[in-house]
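Open the model in your viewer and keep the selection tool at hand. This tour goes from stop to stop, saying what to select and what is there.

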Amino acid sequence: MKIDQKLSNFVNQIAVDAGEEILKIYKKPFTSKMKKDKSPVTKADLIANDLICKRLQSINPKIQIISEEGKKKFSKKTNIFWLVDPLDGTKEFIKKNGEFTVNIALIKNCRPIYGVIYLPVKKEIYFTQNKSAYFSIIDHKNSYKTKKKIKVKKRTGINNRVLLLSRSHSRNIKLSKKHFKTDKAIFSGSSIKFCLIASGKGNIYPRLGTTMEWDTAAGHAILNAAGGSVTTLDRKVLKYGKKGFKNPSFIARS
Ligand SMILES: [Mg+2]
């Protein structure tokens with residue numbers, strides 16, 4: 001399967017529609033539950049997952065879907081699969097700070113070859129198309145009037161680079177600033193950090209500890225297409241389809 005413009009538009013629309021379903025729940029009172037891995041889940045995660053999985057299946061039922069809220073195992077060996085985080089930043093969603101996203105990626109031969117990230121509160125969409133990365137605001141007719149190509153901005157030299165740090169996991173702020181020789185940092189929730197680097201607003205996002213592949217796949221695809229990279233600490237490209245879909249520590253760069 002190849003991701004052409006038509007298919008990319010179709011999958012982008014799935015992310016937007018899932019985001020709109022999430023917003024309906026966001027605007028009313030809702031409750032959350034703790035999962036076995038001690039991360040929270042809400043009705044919004046599950047409704048968005050349902051919508052995304054059904055519509056991805058309609059494209060080609062043979063392509064398997066691995067999702068944070070769905071299947072976490074291949075039913076048979078494959079070199080191509082969807083990776084979905086229907087609601088990334090559930091903690092931010094519960095805190096009502098707006099910093100949550102819908103993430104869909106296509107993995108082929110262990111690499112993310114397409115990705116879309118949608119921010120429902122701001123109606124911002126980041127996605128890949130024909131090997132480039134794009135940003136747009138979705139207006140009420142779901143059109144892409146503001147669509148523009150995005151590129152990373154390289155900054156070198158002491159204190160020129162901007163760090164991206166997680167809102168919910170920033171225990172090592174001082175260490176990170178010292179290690180990367182900069183004082184400038186932006187704090188942000190969920191996969192938005194990848195989008196900020198891809199659009200030239202930041203430069204380095206170090207993430208120590210375990211993350212899951214669905215947390216990074218769409219952002220990784222977008223950052224690659226914008227000219228950046230995501231590597232392990234020993235500078236190897238982060239690959240997908242690993243055991244348990246677990247990522248090691250990584251650094252995303254412009
Ligand atoms: Mg999630």
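Which residues does Thr-101 touch, not counting residues up to four places away in sequence? Select Thr-101 and look at its contacts (heavy atoms within 4.5 Å). Thr-101 touches Asp-85, Pro-86, Leu-87, Asp-88, Ile-117, Tyr-118, Leu-119, Pro-120, Ser-190, Ser-191 and Ile-192.

Before going on, note that this is a predicted model, in which local features need pLDDT of at least 70 and side-chain atom pairs count only at pLDDT 80 or more, while totals for chains, interfaces and linings use all residues. Residues are numbered from 1 along each chain as its sequence is written, and side-chain values use heavy atoms, with hydrogens and water left out.

**Stop 1: Thr-101**

Stay on Thr-101, which lies in strand β5 (residues 101-108). Helices (H or I, at least four residues) and strands (E, at least two) are DSSP runs, numbered from the N terminus. Thr-101 counts as buried because its relative accessibility is 0%. Buried means under 20% relative accessible area, exposed means over 50%, and partly exposed is in between (1.4 Å probe, protein chains only). Now show the side chain of Ser-191: the side chain of Thr-101 makes a polar contact with it, at 2.9 Å. A polar contact is a pair of N or O atoms within 3.5 Å; within protein, one must be able to donate a hydrogen and the other to accept it, and residues adjacent in sequence count only if both atoms are side-chain atoms.

**Stop 2: Asn-12**

Next, select Asn-12, in helix α1 (residues 5-26). Is Asn-12 buried or exposed? Asn-12 counts as buried, because its relative accessibility is 0%. Leaving out residues up to four places away in sequence, Asn-12 touches Tyr-114, Val-116, Ile-125, Phe-127 and Tyr-144. With one of these, Tyr-114, there is a polar contact between side chains (2.8 Å). Then draw a line from Asn-12 to Ile-117: the two are 105 residues apart in sequence, and their C-alpha atoms are 8.3 Å apart in space.

**Stop 3: the nonpolar cores**

A nonpolar core is a set of buried Ala, Val, Leu, Ile, Met, Phe, Trp, Tyr and Cys residues joined through side-chain atoms within 4.5 Å. Select Leu-56, Trp-82 and Ile-104, which touch the most other members of the largest core, a set of 35 residues. Two or more residues of this core come from each of α1, α2 (43-59), β4 (80-88), β5, β6 (111-119) and β7 (124-129). The most come from α1, which gives 10 residues. For the second, separate core of 33 residues, select Ile-66, Phe-81, Ile-150 and Ile-197, which are among its members.

**Stop 4: helix α2**

At the start of α2, find Thr-42: one of its side-chain oxygens comes to within 3.1 Å of the backbone nitrogen of Ala-44. Which residues of α2 are buried? They are Ala-44, Asp-45, Ala-48, Asn-49, Leu-51, Ile-52, Cys-53 and Leu-56. These buried residues pack against α1, β2 (40-42), β3 (64-67), β4, α3 (90-95) and β5.

**Stop 5: two loops**

Select Cys-110, in the loop between β5 and β6. Cys-110 is not a glycine, yet its phi is positive, about 70°. At 35% relative accessibility, Cys-110 counts as partly exposed. Move to Lys-123, in the loop between β6 and β7. Phi of Lys-123 is also positive, near 55°, in a residue other than glycine. Lys-123 is partly exposed, with a relative accessible area of 27%.

**Last stop: Asn-224**

Finish at Asn-224 in helix α6. Asn-224 is partly exposed, with a relative accessible area of 35%. From Asn-224 to Ile-173 the C-alpha distance is 25 Å, and the two are 51 residues apart in sequence.
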